[in-house]
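I wanted to go through the charged side chains and a hairpin, and jot down what turned up.

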Amino acid sequence: DGEVHINELKNGNTEMFWNPTSEVRRQRLKRHIVLFEEQTDFESERLWQHVTSAINKGDQHKATQEKFVLEEEQRNAARERRESGAEWKPLLFRHDAGTNEWRYKYEDLRPWDPLNDIAQFEKDGILQTMERHLSTRMSNHKATCINNQITRHKRSAKDCRRRKTSDQPSNHSQNTESSCSTPESVQELSDDDGKYLGFESLCTQCGKEMNHLKEIHSAVLSLQKAQQDIHR
């Protein structure tokens, strides 16, 4: 977001290569990063911290040395795995046999939706997008689950009433009637009613989305704390 110049060493001339306008600067994406003290040993900022420090100080010799140390450690680790026969299973990447390339498992290539997408963040190496309408989708899905269970419950009650009115001996009809304890009216279903009917948990998908919402909420709080620290 700053000026970039090209310096011609032969004649000493300097040429402007890039000079972003104020409008371009305003359109830049906000950068969200994991706090350094919360990063693991193999995250880029922590792993390459000595190389980065040397580059910022203009010490290319030191930067090259630090880079060599890191790469040599990686070569030794790979050699030890080969000798021991240990299989390397990447957590975040998969090998594409067609292109012979490594691809990020959780890549999201859909266009950014400014009306629905709020922010993109990383948690445990997985890129995720916080969406404005996620809670709405969750509510709709929950309502669908409840409606489906109500429909099944009505069908069960209807079958039970049919058994009551069938041509059976009187004593058998009484047994059937007493065994059908299902309420005939289920127009409204509260949470307590759901527990009464045995619907203590809606479905696996609801549980997953609820956990996902909790993770997003936790990540947002972490981002807000980081922004407050930056502002201070």
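My entries on these topics follow.

**Ground rules.** I am working from a predicted model, where local features need pLDDT of at least 70, side-chain atom pairs count only at pLDDT 80 or more, and totals for chains, interfaces and linings use all residues. Residues are numbered from 1 along each chain as its sequence is written, and side-chain values use heavy atoms, with hydrogens and water left out.

**Entry 1: salt bridges overall.** How many salt bridges does a search of the whole structure find? I got 10, taking a salt bridge as a side-chain nitrogen of Lys or Arg within 4 Å of a carboxyl oxygen of Asp or Glu. Side chains of opposite charge can pair when their charged atoms come close.

**Entry 2: helix H4.** I looked up Arg75 and found it bridged to Glu72, with the closest N and O atoms 3.1 Å apart. Both sit in helix H4 (residues 60-84), three residues apart, or about one turn of the helix. Helices here are DSSP runs of H or I with at least four residues, strands are runs of E with at least two, and numbering starts from the N terminus. Arg75 is partly exposed at 41% relative accessible area, and Glu72 is partly exposed at 27%. My cut-offs: buried is under 20%, exposed is over 50%, partly exposed is in between (1.4 Å probe, protein chains only). The pair belongs to a network of salt bridges that links Lys67, Glu71, Glu72 and Arg75.

**Entry 3: Arg110.** I found Arg110 in a salt bridge with Asp108 at 3.3 Å, N to O, and in one with Asp117 at 3.0 Å. Is Asp117 buried or exposed? Asp117 counts as buried, at 4% relative accessibility. Asp108 is partly exposed at 37%, and Arg110 is partly exposed at 36%.

**Entry 4: Asp96.** This residue is in strand E3 (residues 93-96). Asp96 is buried yet has no salt bridge; Arg103, the nearest side chain of opposite charge, is 4.2 Å away. (Lys and Arg count as positive, Asp and Glu as negative; His and the chain ends are not counted.) Asp96 does touch Glu101 and Arg103, leaving aside residues up to four places away in sequence; contact means heavy atoms within 4.5 Å. I also noted a polar atom of the Asp96 side chain 3.0 Å from the backbone nitrogen of Gly98.

Entry 5: Strands E5 (residues 117-123) and E6 (residues 126-131) run antiparallel, joined by six bridges; pairing takes at least two DSSP bridges. Glu122 has Leu127 in E6 as its bridge partner. Two residues lie between E5 and E6, and Asp124 in the turn has a positive phi of about 55°.

Key: A polar contact is a pair of N or O atoms within 3.5 Å; within protein, one must be able to donate a hydrogen and the other to accept it, and residues adjacent in sequence count only if both atoms are side-chain atoms.
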